[in-house]
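Colleague: Could we walk through this protein together, one question at a time?

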Amino acid sequence: KRLMDISTNYMGMKLKNPIVPSASPLSKDIGNIRRMEDAGASAIVMYSLFEEQITHESMELYYHMTHGTESFSEALSYFVDLQKENYGPEQYLEHVTKARQAVNIPIIASLNGASQNGWLQYAKQIQETGVDGIELNMYYVAADITETSAQLEERYFQTVESVKNLKIPVAVKLSPFFTSMAHMAKRFD
């Protein structure tokens, strides 16, 4: 009896099959990651690290630490216990590190950046966790009426250009809202 070979290559990795659970809240739990491996997943894409969320939370922390402090000289309770709060990527980085150690299949991190510097900075930090690859979860809201579609698309290419020299494979997750998806794919390639 001969078995069918359903192995595939993805991001330069040889996978036993094409079943790769995508970024979702399921990957927030190490037990779920192990269950996905046990169920036959050949790799797992982790939930995304969102640069905008980190920036928003940092700004909110600054506001709460400074707002009203000048109004009453004995208002020491305005200070947040920074040991209990997490306003950076550390929790995500720790989780993907643990996920990588917990299973025998590739772990692919996911990053949704907001700035050119953020894409590169967080991608480098993610790479240091030992994950097998990184997915750039790219989506820019076209809200600037002065920006052309070509300019918007160029931002996508600049982002990929900024992270393409990582030591781990990079995949790009795109929305379907481009007028010429074939052209976009060719340029990314």
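Here are some questions and answers on the sheet, the helices and the salt bridges.

Colleague: Which order do the strands of the open sheet have?
Modeller: Keep in mind as we go that this is a predicted model. The sheet is open and has four strands, with parallel pairing. From one strand to the next, the twist averages 25°. The order is S3-S4-S5-S6.

Colleague: Which strands stand at the edges?
Modeller: Look for a strand with a single partner, because one side of such a strand is left without a neighbour in the sheet.

Colleague: Which residue in S5 stands opposite leucine 111?
Modeller: Start with the pairing of S4, residues 107–112, with S5. These two strands run in the parallel sense and pair over four bridges. Opposite leucine 111 stands a residue of S5, leucine 136.

Colleague: Is asparagine 117 buried or exposed?
Modeller: Asparagine 117 lies in helix H4. The relative accessible area of asparagine 117 is 54%, and a value over 50% is the cut-off here, so the residue counts as exposed.

Colleague: How many salt bridges does a search of the whole structure find?
Modeller: One of them joins the side chains of lysine 98 and glutamate 94, at 3.0 Å from N to O. That is within the 4 Å cut-off, so the pair counts as a salt bridge. The search of the whole structure finds six.

Colleague: Where do lysine 98 and glutamate 94 lie?
Modeller: The two residues are four apart, about one turn of the helix. Lysine 98 is partly exposed at 43% relative accessible area, and glutamate 94 is partly exposed at 46%. Both lie in helix H3.

Colleague: How many residues apart are arginine 100 and aspartate 132?
Modeller: Their side chains meet in a salt bridge of 3.1 Å, N to O. Arginine 100 is in helix H3, while aspartate 132 is in the loop between helix H4 and strand S5, so the pair links distant parts of the chain. Aspartate 132 is partly exposed, with 24% relative accessible area. The pair is 32 residues apart.

Colleague: Which helices hold arginine 187 and glutamate 154?
Modeller: The side chains of this pair meet in a salt bridge at 3.2 Å, N to O. Arginine 187 is partly exposed at 42%, and glutamate 154 is partly exposed at 31%. The bridge ties together parts that are 33 residues apart in sequence, with arginine 187 in H6 and glutamate 154 in H5.

Colleague: What is the handedness of the crossing of H5 and H6?
Modeller: The axes of the two helices come within 11 Å and cross at roughly 25°, which makes H5 roughly parallel to H6. Among the residues making the contact are Tyr156 and Phe157 of H5 and Met184 of H6. The crossing is right-handed.

Conventions:
Residues are numbered from 1 along each chain as its sequence is written. This is a predicted model: local features need pLDDT of at least 70, side-chain atom pairs count only at pLDDT 80 or more; totals for chains, interfaces and linings use all residues. Side-chain values use heavy atoms; hydrogens and water are left out. Buried means under 20% relative accessible area, exposed over 50%, partly exposed in between (1.4 Å probe, protein chains only). Two strands pair if DSSP finds at least two bridges between them. Axes are lines fitted to C-alpha atoms, for helices over the stretch in contact, and angles run from 0 to 180 degrees between N-to-C directions. Angles under 35 degrees count as roughly parallel, over 145 as roughly antiparallel, 65 to 115 as roughly perpendicular and the rest as oblique. A crossing is left-handed if the near helix is turned anticlockwise from the far one by less than a right angle, and right-handed if clockwise. Contact means heavy atoms within 4.5 Å.
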